[in-house]
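Please look through the sequence and the model shown below.

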Amino acid sequence: MKELKRVHTLDELIAENKRLRRMLLTDELTGVYNFRHLVKQIDIEVEESKRSNAPLSVIMADIDHFKKTNDDHGHVVGNTILKQFSNVLSKSVRSHDIVCRFGGEEFVIILPNTAMNVASEIAERTRLAVEKGIYGNYKASVIMTCSFGVTDLQSIDEDTLIRDNPSDYSSKLLQKADHNLYQAKAAGRNQVFSD
């Protein structure tokens, strides 16, 4: 017996393609962009920034003492907190900024056409918003803080880079944001550190 194939309309195919693309580019737990999209998008933004001579900043954010929260309250509560935190990040930035989950409880925000002083203000505003919230679920609620590392493309030492390779710039940009994040944590957490 011959199987009948379902005939898709063009609208159904377009909708299904959008759904699959969204699944490929977003973090399943938090709904923000995933690491795969981060790697691709930061290269695009570096190229655009260098081509147009526009500023480009990056914020790396990390929830303070997240492992302890997971240990004390369990991974279900931890996952709820990650979703809530990513929601605060998304609401704290502008529509053209790009929020991505870097991994674990670390997130990266790419800020096109943004000088570092503005990026630092956005990070501070976000830090305050996180600090004011209560996170978790009906089983456990916690107050949490986060730390931020901020840098921009202009602060990258070009002498150490392969000039025509955007991935090299992107990698250094993320390394510097990560370094600044750890400076914020070393200085006591719940703060913004920029170069």
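F107 is buried, with a relative accessible area of 0%; buried means under 20% relative accessible area, exposed over 50%, and partly exposed in between, using a 1.4 Å probe and protein chains only. The model is a predicted one, in which local features need pLDDT of at least 70 and side-chain atom pairs count only at pLDDT 80 or more, while totals for chains, interfaces and linings use all residues. Residues are numbered from 1 along each chain as its sequence is written, and side-chain values use heavy atoms, with hydrogens and water left out.

Now the whole protein. Of its 195 residues, 44% count as buried. The C-alpha trace spans about 70 × 50 × 25 Å along its principal axes. There are six helices and seven strands; these are DSSP runs, with helices (H or I) of at least four residues and strands (E) of at least two, numbered from the N terminus. Along the sequence the pattern reads α-α-β-α-α-β-β-α-β-β-β-α-β. Contact means heavy atoms within 4.5 Å. Among contacts between residues at least 6 apart in sequence, 68% join residues at least 24 apart.

Aromatic rings come next. Rings of Phe, Tyr and Trp (its six-membered ring) pair if their centres lie within 6.5 Å; planes under 30 degrees apart count as stacked, over 60 as edge-to-face and the rest as tilted. By this rule the count comes to two aromatic pairs. F35 is partly exposed at 40% relative accessibility, and F102 is partly exposed at 27%. F85 and F107 also form an edge-to-face pair, with centres 5.4 Å apart and 70° between the planes. Here F85 sits in helix α4 (residues 75–92) and F107 in strand β3, and the pair links distant parts of the chain, 22 residues apart. F85 counts as buried, because its relative accessibility is 0%.

How far apart are the end C-alpha atoms of helix α6? They are 30 Å apart, which agrees with the 30 Å that its 21 residues (166–186) should span at 1.5 Å a residue; the expected span is 1.5 Å times one less than the number of residues. The buried residues of α6 include P166, Y169, L173, L174, A177, L181 and A184. What do the buried residues of α6 pack against? Their partners are the helix α2 (35–52) and the strands β1 (56–63), β2 (98–103), β3 (106–112), β6 (146–152) and β7 (192–194).

Some backbone angles after this helix and elsewhere deserve a look. Most residues other than glycine have a negative phi. Just after α6, G188 takes a positive phi of about 125°. R189, in the loop between α6 and β7, has a positive phi of about 70° although it is not a glycine. R189 is partly exposed, with a relative accessible area of 31%. H65 is not a glycine either, yet has a positive phi of about 55°. H65 lies in the loop between β1 and α3 (66–73) and is partly exposed at 49%.

Two further residues show how separate parts of the chain meet. L29 lies in the loop between α1 (10–25) and α2, and is partly exposed with a relative accessible area of 24%. Not counting residues up to four places away in sequence, L29 touches N79, L82, K83 and R101. The C-alpha atoms of L29 and K83 are separated by 6.8 Å, although the two residues are 54 apart along the chain. T69, in helix α3, is buried with a relative accessible area of 17%. Leaving aside neighbours within four places in sequence, T69 is in contact with G74, I81 and V142.

On a 1 Å grid over the protein atoms alone, a pocket is an open set of points where a 1.4 Å probe fits, with protein on both sides within 12 Å along at least five of seven lines; lining residues have an atom within 4 Å of a point. About 210 Å³ of space lies in the largest pocket, the volume being the space filled by probe spheres set on the points. Among the residues lining the largest pocket are S49, K50, P55, M116, D152 and E158.
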